[in-house]
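Here's a quick briefing to read with the model open in your viewer.

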Amino acid sequence: MSSPNEAPGPNTSPRDGDFELVTLRNGSRAVRHLGHGEVMHPSVGPWQEALRLYVEQPRLAERLRQPGPPLVILDVGLGAATNAVAALSCARELGAERRRPLELVSLEVDLAPLRLALADPAGFPFLQPFRLAAEALMRDGLWEAEGIRWRLLLGNAIPHLEQALPPAELVYFDPFSPASNPEMWTEGVLSRVRAHCRQDGEGALLMTYSAATPTRVTLLLAGFYVGAGVSTGTKGETTVAATRLEALEAPLGARWLERWRRSSSRAPHGAQLTPEVEARLLEHPQWRSR
């Protein structure tokens with residue numbers, strides 16, 4: 001999800017609970033929250049953003065072609081299931097080339113966006129190959145096919161993140177923005193996400209649409225290494241975090257740190273910039289390793 005930097009068009013129906021479908025200026029259909037007005041994937045449309053940020057950027061197909069244990073994706077913010085279905089589509093399209101099982105663990109508090117998207121097959125055609133899977137997920141909390149397992153943890157994400165989960169190789173971090181959903185962007189929550197990341201091998205990557213300075217500060221304090229992610233739509237950058245510095249293609253360095261020193265938004269999400277917090281950031285091993 002992202003902030004609505006492209007205004008929706010005049011079509012603002014149907015509705016389900018706190019959500020409605022909208023048509024973006026580029027013709028894509030998307031889901032908008034009626035309360036705070038944020039639109040999921042607002043600029044280039046949901047499918048293109050999902051493919052670019054969450055499939056192409058982490059080279060998901062390449063990872064699935066390599067033999068190994070199940071590739072676990074922690075999908076924080078299922079929404080209309082666009083990111084999850086992008087991953088499932090990648091796995092299905094590989095066919096016999098896929099050498100690893102795929103396990104998706106999706107966290108979501110409200111299934112209304114998915115219900116709306118499934119009810120609009122013309123607006124969300126990419127969901128249709130997985131319609132039965134999504135319906136089973138909503139009904140049973142689980143859908144399985146050969147070499148693929150998709151699990152739903154419904155309700156507030158924070159208690160779920162305090163429980164045991166399979167170690168994630170990829171994290172799709174896609175809740176509503178810090179302004180609209182502040183409790184999901186704190187150091188405490190991101191530290192819990194970090195604890196669920198894979199520690200062996202190449203570690204884990206976390207992708208998110210937010211490139212805001214407080215987001216990157218919070219990820220650093222939560223124990224991640226942090227770098228610039230690919231652009232999407234009107235966003236010049238997104239953010240990629242990793243458990244290993246060498247996994248980042250464009251890690252933040254001295255230039256970012258200097259900009260942070262001059263920034264008016266130096267604090268992490270949900271906290272003050274105390275001397276202790278500032279010292280922790282400046283002592284992060286990301287700067288010592290470069």
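## Quick tour of the model

Start with helix H8 (residues 213-221): 8 of its 9 residues are buried, so this helix is largely enclosed by the rest of the structure. Bear in mind that you're looking at a predicted model. The notes below go from that helix to strands, helix packing, cysteines and a few loop residues.

**Helix H8 and what comes after**

- The buried residues of H8 are Pro214, Thr215, Arg216, Val217, Thr218, Leu219, Leu220 and Leu221.
- After H8 comes Gly223, and its phi is positive, near 105°.

**Strand E9 and its two partners**

- Strand E9 covers residues 205-208, with Leu205 and Met207 pointing one way and Leu206 and Thr208 the other way. Whichever way they point, all of these residues are buried.
- On the parallel side, E9 pairs with strand E8 (residues 170-173) over 3 bridges. If you want a pair to click on, Val171 has Leu206 in E9 as its bridge partner.
- To get from E8 to E9, the chain goes through helix H7 (residues 187-195), and this β-α-β crossover is right-handed.
- E9 also runs antiparallel to strand E11 (residues 238-242), and 4 bridges join them. Here Leu206 has Ala241 in E11 as its bridge partner.

**The three-stranded sheet**

- Strands E1, E2 and E3 make an open sheet in the order E1-E2-E3, with antiparallel pairing.
- Which strands sit at the edges? They are strand E1 (15-16) and strand E3 (29-33), each pairing on one side only.
- E1 and strand E2 (residues 19-23) run antiparallel and are joined by 2 bridges. Look for Arg15, which stands opposite Glu20 in E2.

**Where H1 meets H3**

- Helix H1 (residues 46-56) and helix H3 (residues 82-94) have axes that come within 9 Å and cross at roughly 65°. The H1 and H3 crossing is right-handed.
- From H1, the residues at the meeting point are Pro46, Trp47, Ala50, Leu51, Tyr54 and Val55. Facing them from H3 are Thr82, Asn83, Val85, Ala86, Ala87, Ser89 and Cys90.
- In general terms, an α-helix has 3.6 residues a turn, so residues three or four places apart point the same way.

**Cysteines**

- How many disulfides are there? The count comes to 0 disulfides.
- The sulfur of Cys90 has its closest cysteine sulfur in Cys197, and at 20 Å that's too far for a bond. The cut-off for a disulfide is 2.5 Å between the sulfur atoms.
- Cys197 is likewise in no disulfide, as its nearest cysteine sulfur is that of Cys90, 20 Å away.
- Are these cysteines buried or exposed? Cys90 is buried, with a relative accessible area of 8%, and Cys197 counts as buried at 2%.

- For background, most residues other than glycine have a negative phi.
- Arg59 has a phi near 55°, a positive value in a residue other than glycine. You'll find Arg59 in the loop between H1 and helix H2 (60-65), where this residue is partly exposed with a relative accessible area of 42%.
- Ala81 has a positive phi too, near 70°. Ala81 is in the loop between strand E4 (71-76) and H3, and its relative accessible area is 0%, so Ala81 is buried.

- Asp120 lies in the loop between helix H4 (112-118) and helix H5 (131-140). Its relative accessibility is 14%, so Asp120 counts as buried.
- What does Asp120 touch, leaving aside its neighbours within four places in sequence? Asp120 is in contact with Leu21 and Arg29.
- Glu146 is in the loop between strand E6 (142-145) and strand E7 (148-154). Glu146 is exposed, with a relative accessible area of 74%.
- Glu146 and Leu102 are 44 residues apart in sequence, and their C-alpha atoms are 9.6 Å apart in space.

Key: Residues numbered from 1 in each chain as written. Predicted model: local features only at pLDDT ≥ 70, side-chain atom pairs only at ≥ 80, totals over all residues. Heavy atoms only, no water. Buried < 20%, exposed > 50% of the residue type's maximum accessible area, 1.4 Å probe, protein only. Pairing = 2+ DSSP bridges. Right-handed = clockwise from strand over helix to strand, strands pointing away. Contact = heavy atoms within 4.5 Å. Axes fitted to C-alpha atoms, helices over the stretch in contact; angles between N-to-C directions. Left-handed = near helix turned anticlockwise from the far one by under 90°.
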